[in-house]
Amino acid sequence: GYLKKFCDGNEKRMTKFIDAYLRALPPFYKNIEAAIEAKDFIEIALHVHSFKPKWMMMGMKGTNELGIKIDHLCKAQNEKVFENIKFLMEDVNKSQKELEAIS
């Protein structure tokens with residue numbers, strides 16, 4: 001709904017944003033997996049933080065809020081970041097499947 005409103009219902013423009021989001025996912029997955037494996041809080045925060053505008057553009061408010069929480073956990077080097085990142089990745093995977101189905 002958010003993207004449709006942002007694009008004034010322009011399907012072509014919506015498709016452009018969806019395609020850009022979907023193209024950004026493979027490098028995001030690769031970078032997050034490497035950062036998690038290395039337990040690198042700075043890299044996790046960097047990649048999550050840089051993806052937050054994309055989640056907002058897709059209307060993924062809950063995912064964005066989880067990203068903010070992960071940012072804070074990373075800054076505190078709190079191990080709870082790893083359980084929260086699992087929830088975040090579930091949201092991202094779900095969004096990918098939903099968007100691929102409509103694009």
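Contact means heavy atoms within 4.5 Å. The model is predicted: local features need pLDDT of at least 70, side-chain atom pairs count only at pLDDT 80 or more, and totals for chains, interfaces and linings use all residues. Residues are numbered from 1 along each chain as its sequence is written, and side-chain values use heavy atoms, with hydrogens and water left out.

**Exercise 1.** State where Asp 71 lies, whether Asp 71 is buried or exposed, and which residues Asp 71 touches.

Solution. 
- Step 1: Asp 71 is placed in helix H4. Helices (H or I, at least four residues) are DSSP runs, numbered from the N terminus.
- Step 2: The relative accessibility of Asp 71 is 7%, so Asp 71 counts as buried. Buried means under 20% relative accessible area, exposed over 50%, partly exposed in between (1.4 Å probe, protein chains only).
- Step 3: Not counting residues up to four places away in sequence, Asp 71 touches Ala 45, Val 48, His 49 and Lys 52.

**Exercise 2.** Describe how H4 and H5 pack.

Solution. 
- Step 1: Helix H4 (residues 61-75) packs with helix H5 (residues 81-102) at an angle of about 155°, and their axes are 10 Å apart. Axes are lines fitted to C-alpha atoms, for helices over the stretch in contact, and angles run from 0 to 180 degrees between N-to-C directions.
- Step 2: H4 and H5 are therefore roughly antiparallel to each other (angles over 145 degrees count as such).
- Step 3: H4 and H5 cross in a left-handed way, a term used if the near helix is turned anticlockwise from the far one by less than a right angle.
- Step 4: Among the residues that make this contact are Leu 66, Ile 70 and Leu 73 of H4 and Ile 85, Leu 88 and Val 92 of H5.
- Step 5: The contact of H4 with H5 divides into nine nonpolar, three polar and two charged residues. Ala, Val, Leu, Ile, Met, Phe, Trp, Tyr, Cys and Pro count as nonpolar, Asp, Glu, Lys and Arg as charged, and the others, Gly among them, as polar.

**Exercise 3.** Count the aromatic pairs and describe the one formed by Phe 28 and Trp 55.

Solution. 
- Step 1: Rings of Phe, Tyr and Trp (its six-membered ring) pair if their centres lie within 6.5 Å; planes under 30 degrees apart count as stacked, over 60 as edge-to-face and the rest as tilted.
- Step 2: The count by this rule is eight aromatic pairs.
- Step 3: One of them, Tyr 2 with Phe 6, is stacked, at 6.3 Å centre to centre and 15° between the planes. Tyr 2 is partly exposed, because its relative accessibility is 43%.
- Step 4: Phe 28 and Trp 55 are edge-to-face, with 5.9 Å centre to centre and 85° between the planes.
- Step 5: Phe 28 lies in helix H2 and Trp 55 in helix H3 (residues 41-57), so the pair ties together parts 27 residues apart in sequence.
- Step 6: Phe 28 and Trp 55 are both buried. Tyr 21, Phe 28, Tyr 29, Phe 51 and Trp 55 form one aromatic cluster.

How values were computed. Helices (H or I, at least four residues) and strands (E, at least two) are DSSP runs, numbered from the N terminus. Angles under 35 degrees count as roughly parallel, over 145 as roughly antiparallel, 65 to 115 as roughly perpendicular and the rest as oblique.
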